Amino acid sequence: MAEYDIAFGKRLSETAHMVANQGLAELDAQRTVLYLSLLSTEITLKAMLEHAGMSVAHTHRLADLISDLGQCEVEIEIVPGSKRHVSASRIRAIPLNHGIAQSTVGNVIDAESQGASKYPTEVRYGEILKHFPAEVVAQMAAEVSIFAHEHWNDIRK
């Protein structure tokens, strides 16, 4: 039986969006959305790794998990009717939009190494919260979930 479940990851992402839709003016709302979104991403990445047959590190470090995912392949359609396996690291390039600003899943994942609050502890505790806007991190969790569902049947090591 699988330890990690993409359906649970998706539900966490949906819950983060529900909280975000209620408003993000308060710090506790931002923390909640960030935490649920990052947890969603962690669970979903671990589920994909597990499903691909990779050993799953017992870590919360999303950068390590996404790096491990880069050792896997997913199938994409290059041209109509022609499919090919490519590195699952392509997940890093998925675009995220916030107003006129654009980022990527990889940028959000790498934010900790550039001074963002560390997940999970610094996202949950402390007076200062430094991260991408909660809406962007929630969007990332949704995109990671979509990627997982699209490639669930073709991900491999």
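A residue is termed buried when its relative accessible area is under 20%, exposed when over 50% and partly exposed in between (1.4 Å probe, protein chains only). Helices (H or I, at least four residues) and strands (E, at least two) are DSSP runs numbered from the N terminus. The structure described here is a predicted model, in which local features need pLDDT of at least 70 and side-chain atom pairs count only at pLDDT 80 or more, whereas totals for chains, interfaces and linings use all residues. Residues are numbered from 1 along each chain as its sequence is written, and side-chain values use heavy atoms, with hydrogens and water left out.

Helix α2 is largely enclosed by the rest of the structure, because 19 of its 26 residues are buried. The end C-alpha atoms of α2 are 37 Å apart, which agrees with the 38 Å that its 26 residues should span at 1.5 Å a residue; the expected span is 1.5 Å times one less than the number of residues. Just after α2, Gly53 adopts a positive phi of about 95°.

The largest nonpolar core contains 48 residues. Such a core is a set of buried Ala, Val, Leu, Ile, Met, Phe, Trp, Tyr and Cys residues joined through side-chain atoms within 4.5 Å. Leu45, Met48, Leu69, Ile91 and Met140 touch the most other members of this core. Two or more residues are given to the core by each of α1 (6-21), α2 (27-52), α3 (62-69), β1 (73-79), α4 (105-109) and α6 (134-151). With twelve residues, α2 gives the most. Leu69 is in contact (heavy atoms within 4.5 Å) with Leu45, Met48, Leu49, Ala88, Ser89, Ile91 and Ile155, residues up to four places away in sequence not being counted.

Charged side chains were examined next. Six salt bridges are present in the structure, each defined as a side-chain nitrogen of Lys or Arg within 4 Å of a carboxyl oxygen of Asp or Glu. In the bridge between Arg61 and Glu112, the closest N and O atoms are 4.0 Å apart. Arg61 lies in the loop between α2 and α3 and Glu112 in the loop between α4 and α5 (121-124), so the pair ties together parts that are 51 residues apart in sequence. Arg61 is partly exposed, at a relative accessible area of 41%, whereas Glu112 is buried, at 16%.

A second salt bridge joins the side chains of Glu73 and Arg156, with an N to O distance of 2.9 Å. This pair links distant parts of the chain, 83 residues apart, since Glu73 is in strand β1 and Arg156 is in the segment after α6. Glu73 is partly exposed, with a relative accessible area of 26%, and Arg156 is likewise partly exposed, at 38%.

Between Arg92 and Asp110, the closest N and O atoms of the salt bridge are 2.3 Å apart. Arg92 is located in the loop between β2 (82-87) and β3 (95-98) and Asp110 in the loop between α4 and α5, so parts that are 18 residues apart in sequence are tied together. Arg92 counts as partly exposed at 28% relative accessibility, as does Asp110, with a relative accessible area of 22%.

Strand β3 runs antiparallel to β4 (residues 101-104), to which four bridges join it; strands pair if DSSP finds at least two bridges between them. His98 has Ala101 in β4 as its bridge partner. The two strands form a hairpin with two residues between them, and Gly99 in the turn has a positive phi of about 65°.
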